[in-house]
Amino acid sequence: MDTSFLTEETLLYLICLGVGVGVLVSLSALRNVLSRRETATEVTSRRMRMIQDGRSIEERLALLRPTARAGSLAWLPLFGGLPLKLRRARVSMAPARFAGLCLVATVLVFAVLALRFPVWMAIAAALVAGIGLPLAALRIRISAQRKTLIAQLPDALDLLARGLRVGHPLNASIGAVAQQMPDPVGSEFGLVFDQVNYGENLPDAFQDFAERVDIEDVHYLSSSIGIQHGTGSDLARMIDVLSKVIRNRIMLRRKVHAISAEGRLTAVFLSVVPVMMFGFTTLTAPEYFGGVMDDPLFIPMAVTVVFLTVLNAVVMNRLVNFHV
């Protein structure tokens with residue numbers, strides 16, 4: 001059998017190809033897990049599915065309301081609050097498994113890049129690809145879930161106010177919201193309903209809801225429930241006013257978002273282009289930067305360029321994102 005084609009360079013390329021395919025498969029699997037959505041045939045509420053499965057209130061509270069720290073991962077600065085982040089993103093994955101996938105992706109990317117590039121560059125790229133990108137994807141998904149919850153909140157409050165007007169108790173009205181509204185607001189109100197049935201005070205349950213999702217409008221709702229529970233008032237009217245305020249805030253956010261679209265696109269362009277240019281140049285002409293790496297000024301200049309690039313991204317992001 002002729003093996004003359006199996007030169008050292010060919011074997012190196014085959015190894016790089018195999019590792020690259022492994023990295024691609026791992027990142028694709030992670031992306032599919034993070035972007036998984038429920039189909040139309042599935043039940044709209046995770047809590048209702050758990051009830052259909054015969055789960056007790058204790059089990060529902062334990063699964064839908066995890067602790068804010070990650071147990072054995074609590075000492076890690078980026079993974080300490082991973083259970084809460086995964087829950088806010090509605091990703092059905094154990095924190096340890098998520099951290100393990102990030103570690104595997106980091107090692108695979110480092111193994112590929114270390115064959116051709118300096119170790120420090122391979123480590124930096126591996127940390128960005130294996131840890132930075134998954135955490136960024138998780139943050140983007142959390143932001144999307146927050147926007148969905150805020151958009152659903154006025155309808156949920158209207159339904160809650162209608163139940164109070166026809167004479168239903170507040171807890172029964174909360175249960176109706178949990179049954180009729182889709183996720184994520186349906187599961188959140190269902191969790192409040194379960195907490196109250198489990199023996200917690202209603203203001204404490206709503207306060208826990210506000211801390212769990214960390215949305216300003218939900219904090220307003222929690223404060224309203226707490227004031228009404230302590231002093232007594234027309235809660236239905238208060239919830240109606242809050243629903244109108246939230247709708248007006250949503251409309252204002254959308255107007256500001258549309259007006260600042262050009263500035264946000266410019267910020268993304270100015271932040272991404274330097275990184276893309278560096279990566280493309282490094283891949284196509286490694287000697288372009290490799291030829292000056294031995295110069296004593298290379299490291300200080302590289303650190304300065306990275307610092308200025310990050311500072312540019314932070315400043316541009318602050319300039320084009322407004323809190324409403």
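Pro 184 sits in the loop that links helix 7 to helix 8. The peptide bond between Asp 183 and Pro 184 is cis, with omega at about 5°. Helices here are DSSP runs of H or I with at least four residues, strands are runs of E with at least two, and both are numbered from the N terminus.

The model is a predicted one, in which local features need pLDDT of at least 70 and side-chain atom pairs count only at pLDDT 80 or more, while totals for chains, interfaces and linings use all residues. Residues are numbered from 1 along each chain as its sequence is written, and side-chain values use heavy atoms, with hydrogens and water left out.

**The chain as a whole**

The protein chain holds 14 helices and zero strands. Read from the N terminus, its elements run α-α-α-α-α-α-α-α-α-α-α-α-α-α. The chain has 324 residues, and 35% of them count as buried. Buried means under 20% relative accessible area, exposed means over 50%, and partly exposed lies in between (1.4 Å probe, protein chains only). The accessible surface of the chain is about 19,300 Å², and carbon and sulfur atoms own 66% of that surface. These areas come from the Shrake-Rupley method with a 1.4 Å probe; for residues, only the protein chains shown count as cover.

A contact is a case of heavy atoms within 4.5 Å. Among the contacts in the chain with a separation of 6 or more, 62% are between residues 24 or more positions apart.

**Helix 6 and its two partners**

Two packed helices are described by the angle between their axes and the distance between the axes. The axes are lines fitted to C-alpha atoms, for helices over the stretch in contact, and the angles run from 0 to 180 degrees between N-to-C directions.

| Pair | Angle | Axis distance |
|---|---|---|
| Helix 5 (residues 95-113) and helix 6 | about 150° | 8 Å |
| Helix 6 (residues 119-165) and helix 7 (residues 170-180) | about 140° | 9 Å |

How are such angles named? Under 35 degrees counts as roughly parallel, over 145 as roughly antiparallel, 65 to 115 as roughly perpendicular, and the rest as oblique. Helix 5 and helix 6 are therefore roughly antiparallel. Helix 5 passes helix 6 in a right-handed crossing. On the helix 5 side, the residues in this contact include Phe 98, Cys 102, Phe 110 and Leu 113; on the helix 6 side, they include Val 119, Gly 130, Pro 134 and Leu 138. The residues of this contact divide into 17 nonpolar, two polar and no charged. In this count Ala, Val, Leu, Ile, Met, Phe, Trp, Tyr, Cys and Pro are nonpolar, Asp, Glu, Lys and Arg are charged, and the others, Gly among them, are polar.

Helix 6 and helix 7 are oblique to each other. Helix 6 passes helix 7 in a right-handed crossing; a crossing is right-handed if the near helix is turned clockwise from the far one by less than a right angle, and left-handed if anticlockwise. Ala 156, Leu 159, Leu 160, Gly 163 and Leu 164 of helix 6 meet residues of helix 7, among them Leu 170, Ile 174 and Val 177.

Which residues does Val 177 touch, apart from neighbours within four places in sequence? They are Ala 156, Leu 159, Leu 160, Gly 186 and Phe 189. Val 177 belongs to helix 7 and is buried, at 0% relative accessibility. Val 185 is buried, with a relative accessible area of 0%. Leaving out neighbours within four places in sequence, Val 185 is in contact with Leu 149, Gln 152, Leu 153 and Ala 156. Val 185 and Ala 151 are 34 residues apart in sequence, and their C-alpha atoms are 9.5 Å apart.

Gln 145 is part of helix 6 and counts as buried at 12% relative accessibility. With neighbours within four places in sequence set aside, Gln 145 is in contact with Arg 88, Ala 89, Arg 90 and Pro 184.

**Further along the chain**

Asp 214 is in the loop between helix 9 (202-213) and helix 10 (216-231). Asp 214 has a positive phi of about 55° although it is not a glycine. Its relative accessible area is 42%, so Asp 214 is partly exposed.

Ala 261 is found in helix 12 (residues 261-284). Ala 261 counts as partly exposed, at 32% relative accessibility. Ala 261 and Asn 321 are 60 residues apart along the chain, and their C-alpha atoms are separated by 9.8 Å.
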